[in-house]
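Here is a set of questions and answers on one protein model. Look at the sequence and structure first, then read on.

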Amino acid sequence: MASDPKYTDKLVNLIEISDLTKYEASNEEVYHIVKKGDSVSALAKAYGSTQVKIQ
């Protein structure tokens, strides 16, 4: 659940375990609704991107 303080870590872990980054579209924009507890570094890791690109 998104209110879980470890939500971001769990989401990143699930994405990595499921190898979901292989579906990443390189030229398409991706939108993410930022939730309390999200961090730029965790989002970059989750989406296979960099902190600079996320910012």
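Q: Where does Thr8 lie?
A: This is a predicted model. In it, Thr8 belongs to helix H1.

Q: What pattern does the protein follow along the sequence?
A: The protein has three helices and zero strands. Read in order, the pattern is α-α-α.

Q: What percentage of the residues of the protein count as buried?
A: Buried means under 20% relative accessible area. The protein has 55 residues, and the share that counts as buried is 15%.

Q: Is Thr8 buried or exposed?
A: The cut-off for buried is under 20% relative accessible area. Thr8 has 9% relative accessibility, so Thr8 is buried.

Q: Which residues of helix H1 are buried?
A: Helix H1 spans residues 7-17. An α-helix has 3.6 residues a turn, so residues three or four places apart point the same way. The buried residues of H1 are Thr8, Val12 and Ile15.

Q: Why do the buried residues of H1 line one face of the helix?
A: The residues in question are Thr8, Val12 and Ile15. Viewed down the axis of H1, they line one face because their directions fall within an arc of 60°.

Q: Which residues are exposed on the other side of H1?
A: The buried set of H1 includes Val12. On the other side, the exposed residues are Asp9, Lys10 and Ile17.

Q: What is the distance from Asp38 to Lys35, the nearest side chain of opposite charge?
A: Asp38 sits in the loop between H1 and H2. A salt bridge needs a nitrogen and an oxygen within 4 Å. Asp38 is buried and has no salt bridge; its distance to Lys35 is 4.8 Å.

Q: Which side chain joins Asp38 in a polar contact of 2.9 Å?
A: Beyond four places in sequence, the contacts of Asp38 are Tyr7, Thr8, His32, Ile33 and Leu43. Its polar contact with the side chain of Thr8 is 3.3 Å. The partner at 2.9 Å is His32.

Q: How many salt bridges does the protein have?
A: Side chains of opposite charge can pair when their charged atoms come close. Asp4 and Lys10 form a salt bridge at 2.5 Å, N to O. Lys45 forms a salt bridge with Glu16 at 3.7 Å. The count is two.

Q: How many residues apart are Lys45 and Glu16?
A: Glu16 is partly exposed, with 42% relative accessible area. The C-alpha atoms of Glu16 and Lys45 are separated by 9.0 Å. Lys45 forms a salt bridge with Glu16. The pair links distant parts of the chain, helix H2 and helix H1, and the separation in residues is 29.

How values were computed: Residues numbered from 1 in each chain as written. Predicted model: local features only at pLDDT ≥ 70, side-chain atom pairs only at ≥ 80, totals over all residues. Heavy atoms only, no water. Buried < 20%, exposed > 50% of the residue type's maximum accessible area, 1.4 Å probe, protein only. Helix = DSSP H or I, 4+ residues; strand = E, 2+ residues; numbered from the N terminus. Arc of directions from axis to C-beta. Lys, Arg positive; Asp, Glu negative; His and termini not counted. Polar contact = N/O pair within 3.5 Å; in protein donor to acceptor, adjacent residues only side chain to side chain. Contact = heavy atoms within 4.5 Å.
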